[in-house]
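User: I am new to reading protein models. Could you take me through this one by question and answer?

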Amino acid sequence: MEWDAHTLKVLELDFVRGEWAKRAETPFGRDHALQRELSRDETLINLRLQETDDAARLLQREPPPPLRVSEVRPALQKAVKGGTLTPEELLGVQQLLHAARLYKSHLLPRAERYPRLVEHAARLHTLSALEKEIAQSIAPSGEVLDTASERLAQLRRDQQRLHRRITEELHRLIHTLRDALQEPSYTLRNGRYCLPVRSEARGRVKGIVHDASASGATLFIEPEPLVELGNRLRELQAAEQEEIEAILYGLSRAVEAEMEPLTQTVEALANLDVALAAGRLALDWECTMPVVNTQGEWKLRGARHPMIPRERVRPIDIEVGREWLGVLITGPNTGGKTVTLKTVGLLTLMTLLGLHIPAKEGSRIAIPYGVFADIGDEQSLQQSLSTFSGHMRHIIRYLEQAGRHSLVLLDELGAGTDPTEGAALARAILQALLEREARVIATTHYGELKAFAYHHPQLINAAMEFDLETLQPTYRLLLGVPGASHAIEIAQRLGLPERLAQMATASLGAQEIDLSAMIHDLDRARRAAEHAESEWRAKLAELQQREARLEAERTALEHEKRTYKQRLQQEVDAFLQQVRAEAERILRQLRQAPRESKQTVEWQRELSQLLETARQAQRSEPTTLPDAKAPAQWQVGMRVRIRSLNKVGTLAELPNGETAQVYVGKLRLPVALADLEPVETPATPTVRTTRPRPPEPVPLELDLHGLRVEEAQPLLDKYIDDALLAGYDSVRILHGKGTGALRQMVWDYLKRHPQVRHYYHPPTAEGGEGTTVVVFKKR
């Protein structure tokens, strides 16, 4: 079944689509956002929601590179039909492949964290050979590079040499024929190099007249010595253009040969782009992923309408479909009833698109059989329809189409006609929809409908809260409470005389007065319950604070205990340091003794006592020492450390019981086995080397358009150095005319450069004052 077009319009789904599309970075991503169909497939909806969740987490934690891809689909269609792509279209294909390569390398290593996005990334084709071929042939500016073919490079070198010959000859002629010229310069006419010759000096300059000034005083003559050179230059230029067309044709056929993977790459990038756009929308609107169900249950917590600024909107809580099938909302005008309907409807449509919704975690959205909304003034003068008739046309259609689990949103049900008949009609419509097990949320002012909802087992009353003290709505939705219009109270507080207010109240009738009293009693009971809840929450907060204080005290005691242990450890360490220093002194004396004597025996006895004292101090330490790394087998000659003395020695013999003999220098000492640990031999580090990358090809011209002087100067400096290293005789600097600041910077720089022979503006056809030709000195 098709989705109801009127419903999509009144719920303003196009606004969401537009905001979604704005956050896409590619033309095909924007198209997907604007054209994605609403779905009733639970599996597909959950897949899309998970894609959005993956995208939001990726953007927050590991942002991908920007998708700088232009529209390539027309170019691909052109290539399929055998057409030749322009350099700009080929650059678009290169951008596509470059983006595919970046996104594939970014996402595939993160497959476990973003599985839904990786499914699209896996369908990207990098086609590195085609990307490289285009990059080597087309410059970012759109110029076909010399590296595109050897013949093109040769033709351009021939043109440069010929251009130098022509320029040199022109300068010689200008010097020779200075008196016959209007000014000492040359120009281009119809692609030929000409001198501006005064008409009366025509006979002094042999050649072909290509043009004349408006006054006839100046003739533009191509000198005879340049005619043959000009013809040759024209031939080279024509050959160059033919070669360029051949290169573009070949690249176009290479694109055509890869059409299937290119088409798949466009589709995969579109899916990635639209998912990332949905992620950006979720982050911007502070959305969460709804829980989808097929049982017809809606449960929204803290739901906000995305068109209302966050600082102004009042979140709502509403549920329908589990304990009751319908919600009847009452309350004063401008209290938020219509916004509630639109919020539920629009958030449902967002879920069906796979978008996250501006609501709290755990909000539930059902997959409806259909969504039907009758909201707003349907009056039409052209069709002679009243507001009532306009509403009824839609409601009658909904009664025919709505079924089980459909979501039906009805604003001011039964309004626009006689109140008694309108209320009766509203009851019949609600009953019919509930019998079909549709989920209904309706708004009304009719008191009869409040009583109807109160007694109906599948309906629940709800009210938009209104503050009688300030006469302002709070926009808070209260489930289970019927609302009142408060018309008489509002009028009375605005200045209506007390007598008139009493007359109005008396004319309501007993039933209406009883209903109004019931609503007021319920409202007082609700406020009392809220007050009790507030007191309970305050006591709970006090208990939590007390618990937090006790926890803080326990933490402080633990900290004091740790501090005491650390202080005791420091005292033990200081004592051990003194013991080790004394042991070091005795060891030095033993090494220096020439032979064993009573004195050396006494020193050895003192050393043994020190070792025993150190072991006792270690046993009294508050923290345990790390376990000795005992080898699987002790070996004579292995290096060991005496932990109590922090000395390294050599194992003299295999341990006997709990004692081992260790050489420390020339001394042999008995040491407890628990006081020994093996000494590991450090591994030899490895050294890696890297080879430098080959230099990139240097273009024949540098484009500085759009840059500021401070941005352009380092680029110019590097480019001139690169051109000199590449061995170029001359290059071109494109700086434009503008304010002249860029041109002045370029000329000041070239004037100071020691390797620049001279520089000048080329003829107007070759760039004129917006271009500077730089000629380097012979090397």
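User: Is F15 buried, exposed or partly exposed?

Analyst: This is a predicted model, where local features need pLDDT of at least 70, side-chain atom pairs count only at pLDDT 80 or more, and totals for chains, interfaces and linings use all residues. Residues are numbered from 1 along each chain as its sequence is written, and side-chain values use heavy atoms, with hydrogens and water left out. Buried means under 20% relative accessible area, exposed over 50%, and partly exposed in between (1.4 Å probe, protein chains only). F15 has 27% relative accessibility, so it counts as partly exposed.

User: Which residue forms an aromatic pair with F15?

Analyst: Rings of Phe, Tyr and Trp (its six-membered ring) pair if their centres lie within 6.5 Å; planes under 30 degrees apart count as stacked, over 60 as edge-to-face and the rest as tilted. Here the centres are 6.1 Å apart with 5° between the planes, which is stacked. F15 lies in helix 2 (residues 13–22), and its partner is 270 residues away, in the loop between helix 11 and strand 5 (291–293); helices (H or I, at least four residues) and strands (E, at least two) are DSSP runs, numbered from the N terminus. The partner is W285.

User: Why is W285 called buried?

Analyst: The cut-off for buried is under 20% relative accessible area. W285 falls under it, so it counts as buried, and its value is 12%.

User: What is the angle between the planes of Y186 and Y193?

Analyst: Y186 is buried at 17% relative accessible area, and Y193 is buried at 5%. Their rings form a tilted pair, 5.9 Å centre to centre, and the angle is 55°.

User: Which residue in strand 16 is the bridge partner of R639?

Analyst: Strand 15 (residues 639–642) and strand 16 (residues 647–651) run antiparallel, joined by 4 bridges; two strands pair if DSSP finds at least two bridges between them. The partner of R639 is T650.
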